[in-house]
Amino acid sequence: MADDLAWPWDRMIHGGDYNPEQWDEEVWVDDVRLMQEAGVNLVSVAIFSWALLEPEPDRFEFGWLDRVLDLLDGGGIGVNLANATASPPPWLAARHPETLPVTATGIRLSPGARQAYCPSSPIFRERAAILTERIAERYGEHPALRVWHVSNEYGCHVSRCYCDVSAAAFRRWLEERYGTLDGLNRAWGTNFWSQRYHRWEEVLPPRAAPSFPNPTQQLDFRRFSTDELIALFCAERDILRRVTPTVPVTTNFVIGSGFEPVDYWAFASHVDVVAIDHYTHSVDPEAHIELAYCADVSRGLAGGDPWVVMEHSTSAVNWQERNVPKRAGELQRHSLQHVARGADGAMFFQWRQSVAGAEKYHSAMVPHAGTDTKVWRDVVSLGAALGRLDEVVGTTVEASVALVYDWDSWWTNELDSRPSQAVRYPDQARALHRALWQAGITVDVVRAGASLDGYRLVLVPTLTMVDNGAIAELERFVAAGGVALVTYFSGIVDQHDHVRPGGYPGAFRDLLGIVTEELHPLADGDIVELTDGTRATTWVEHTHLRGAEAVVTYRTGPYVGSPAVTRHTVGDGVAWYLGTRLEPDGLAGLLDIVVGEAGVRPVLPGLPDGVEAVRRRGPSGTFVFVVNHGDAAVEIAVTGRDLLGGRTGPALLIEAGGVAVVAEDV
């Protein structure tokens, strides 16, 4: 992000998506009054307003939006103003059906929902640019404007379009990437299955085929599709920057442990501030741990700088199988948990609950039942809490552990013809993060190949695809005294998805001091026992030592006596390898050893189960967030002043479901 276009705020942000066009104008005045009561200081406006702002080509109606922005400014409420290109109006599809996206099976999707556009369509891009320019010129100097918001949740519904326009754009992308057809054929391994190309016109997206499409073709199409979304964003962003060079520009990333369509490492460098949408799953008993994981991913995308939650829910959502409301206290606890892990504010979808449309049962800050409700009281309470945390704004999170996270490896693991469909990319990343969360240890999430300076321990889960730069950085880190833990199915292929020959784990053989001659997925339900008394599932490997020592071996299964966990001294550091999928207790035990060897310590020692602590540090001081997810009050030994409750340590009692933010005495 641009250093001179940081988030323009010295207060914790509180607010949400505001859709006044869904309501009669007499409601708007009451909205501003209620926003003031709740401590709202920023709202997102006009995200889905294209059809109202431009009811037909080149006829614009801005009067209603003028009145809304003036009302908000009069009430002291800033605006995250959208350029309204998230969902094209019906007239665009009616006049230009070729702008609609096409699936891999050849079905052209219809309008009537949202995001019904082909990202490569020149007609869509032209119309989006025209609208963006008009909005920028009209509102660029409006006093309510704080941030520009481009489109919405790129790739959420249409991440890849397979139409002929996209096919032509894909060929141009490939020609720029590989230069020649010979280069493309080498990268794709097209001598296999008689796939060799002799003319560029023969190259297509990986549409539905009789059998498995070429895996590198699939991988490159995912890369291309991310790049097309980025190009779409940048074209609109650049218009806004030209008209208003001092106003930051963002968009909202969909951050969830299962959302893989867009490579956010590639995208994040193009926004001025990282903003994310995150929704917990009501059926997940460990939703708060998944939230912590996603917040740490978000902080990684922000490069460790503060970021903002653009959307989460006050209570139930509208799209889960059973839309269970949040329990008492969860609204505030989830919001402050994001703040603990680096967010400088928490916003919601949406301000006032809709009475029509697909999201009318999605919760909001002002629910259908009005203000005499639990949700509204919680919203007001959160606004007051965030208002007490202004001195935390701009501080950053402390962590001495890095977890390497990579979209190429994620995509590679999702392709056809892998050794086991049970090996899904995020699984081990989440398992390692969960174990460290339970141990009270904060984790930074970093891109493969990023500098590892400043960390004591680096975790490398299921990094199937890895390039030479990332290999060299990990080797340098370990040789200089760091500790690394690499898990199974890592280092297997290069950036073209070609297997690195000579035995697994290919890229990491020398670092780990091992060679694996065969990968061995286990059948569903199979369990193997290890010599330390732990158990494993899903995956084992036939591994031989080449300088490493066997710390744990297999007691049962196909490779009795072979190494399951190894340790290799390299220079001043140590590289560990985990060649199987340990059950949670076994993984926690292994990490306890590795963490101890790396000299990593929890933020606060001796935390009870279900309590997390995260430290943020900056020029204004250090702040420890303590979040009690349990059902009983706990006493925490921490010295300082609780910004939320006004209490002082050396010990604080935190109620069940409660949060403390302690400005530490130093």
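Colleague: E201 and R199, buried or exposed?

Modeller: Both E201 and R199 are exposed. Keep in mind that this is a predicted model.

Colleague: How far apart are the closest N and O atoms of E201 and R199?

Modeller: They are 3.7 Å apart, and E201 forms a salt bridge with R199.

Colleague: Next pair. What does R616 form a salt bridge with?

Modeller: With D344. The closest N and O atoms there are 2.7 Å apart.

Colleague: Where do R616 and D344 sit in the chain?

Modeller: R616 is in strand β23, residues 611–618. D344 is in strand β9, residues 343–348. That pair links distant parts of the chain, 272 residues apart.

Colleague: And are R616 and D344 buried or exposed?

Modeller: R616 and D344 are both buried.

Colleague: Which residues do salt bridges with shared partners join into one network?

Modeller: D30, D31, R33, E37 and R352.

Colleague: Switching to R160. What is its salt-bridge partner?

Modeller: E260 is the partner of R160, with the closest N and O atoms 3.4 Å apart.

Colleague: Why does the pair R160 and E260 tie parts together?

Modeller: Because the two residues lie in separate loops: R160 between β4 (145–149) and α6 (164–178), E260 between β6 (252–254) and α9 (264–268). The parts they tie together are 100 residues apart in sequence.

Colleague: R160 and E260, buried or exposed?

Modeller: R160 is buried, and E260 is buried as well.

Colleague: Last one. How many salt bridges does the count come to?

Modeller: The count is 45 salt bridges.

Note on methods: Residues numbered from 1 in each chain as written. Predicted model: local features only at pLDDT ≥ 70, side-chain atom pairs only at ≥ 80, totals over all residues. Heavy atoms only, no water. Salt bridge = Lys/Arg side-chain N within 4 Å of Asp/Glu carboxyl O. Helix = DSSP H or I, 4+ residues; strand = E, 2+ residues; numbered from the N terminus. Buried < 20%, exposed > 50% of the residue type's maximum accessible area, 1.4 Å probe, protein only.
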